[in-house]
Amino acid sequence: MNALTRTTTSALPRAAARARSQSTAILGKFQEPSFSKVWLQDAGTYPIMVVIAGASVGWMAFLSYKCMYCPSVRITSKTRGQIIRTWK
């Protein structure tokens, strides 16, 4: 199809002019769809958003728990050099 278009545009000058005018008209009118048009108007994307939001809340809660309560995580400069001992 593409080879036929090239040979036609080289053989017929009016076909070449028409092909140029159509391609610029199509490119000039194209706009990238917005986020809300793509994601929020389709009901099939709601489960995906719920899963992503739930996973985000889950890993943030797990990270907070580990940073606050796990003895091997040392955030403050006073406890960084201490030896970790789980027995007493």
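The legends below describe close-up views of a predicted model of a single chain.

**Figure 1. Overview of the helices in the predicted chain.** The secondary structure comes to four helices and zero strands, and along the sequence the pattern reads α-α-α-α. Of the 88 residues in the chain, 2% are buried. The accessible surface comes to about 8,200 Å², with 66% of that area belonging to carbon and sulfur atoms.

Figure 2. Confidence is lowest in helix α2, residues 13–29, where the mean is 59. In α4 confidence is highest, at 95. Where pLDDT is low, the predicted coordinates should not be read in detail.

**Figure 3. The nonpolar patch on the surface.** The patch is formed by F35, V38, W39, L40, Y46, I48 and I52, which together have about 660 Å² of accessible area. Two elements give two or more residues to it: α3, spanning 35–40, and α4, spanning 46–69. Helix α3 supplies the largest share, four residues. One of the patch members, I52, is found in helix α4. I52 counts as exposed because its relative accessibility is 53%, and the cut-off for exposed is over 50%.

**Figure 4. The stacked pair F35 and W39 in helix α3.** The structure holds two aromatic pairs. In this one, the ring centres of F35 and W39 are 6.4 Å apart and the planes are 25 degrees apart, and the pair is stacked. F35 and W39 are four residues apart in helix α3, so about one helical turn separates them. F35 is exposed, at 53% relative accessibility, whereas W39 is partly exposed, at 32%. Both F35 and W39 also belong to the nonpolar patch.

**Figure 5. The tilted pair Y65 and Y69 in helix α4.** A pair of aromatic rings is described by the distance of the centres and the angle of the planes. For Y65 and Y69 the centres are 5.7 Å apart and the planes lie at 45 degrees, so the pair is tilted. Both tyrosines lie in helix α4, four residues apart, or about one turn of the helix. Y65 is partly exposed, with 47% relative accessibility. Y69 is exposed, with 62%.

**Figure 6. The cysteines C67 and C70.** The count of disulfides comes to zero. C67 is in no disulfide, and the nearest cysteine sulfur to it, that of C70, is 9.0 Å away. C70 is likewise in no disulfide, with the sulfur of C67 as its nearest cysteine sulfur. C67 is partly exposed, at 33% relative accessibility. C70 is also partly exposed, at 22%.

**Figure 7. I83 in the segment after α4.** I83 has a relative accessible area of 63% and is therefore exposed. I83 and S72 are 11 residues apart in sequence. In space, the C-alpha to C-alpha distance between I83 and S72 is 9.4 Å.

Terms used:
Residues are numbered from 1 along each chain as its sequence is written. This is a predicted model: local features need pLDDT of at least 70, side-chain atom pairs count only at pLDDT 80 or more; totals for chains, interfaces and linings use all residues. Side-chain values use heavy atoms; hydrogens and water are left out. Patches are made of residues with over 30% relative accessible area and no salt bridge: like charges are joined within 9 Å, nonpolar side chains (Val, Leu, Ile, Met, Phe, Trp, Tyr) within 5 Å. Accessible areas come from the Shrake-Rupley method with a 1.4 Å probe; for residues, only the protein chains shown count as cover. A salt bridge is a side-chain nitrogen of Lys or Arg within 4 Å of a carboxyl oxygen of Asp or Glu. Buried means under 20% relative accessible area, exposed over 50%, partly exposed in between (1.4 Å probe, protein chains only). Rings of Phe, Tyr and Trp (its six-membered ring) pair if their centres lie within 6.5 Å; planes under 30 degrees apart count as stacked, over 60 as edge-to-face and the rest as tilted. pLDDT is the predictor's confidence in each residue, from 0 to 100. A disulfide is a pair of cysteine sulfur atoms within 2.5 Å.
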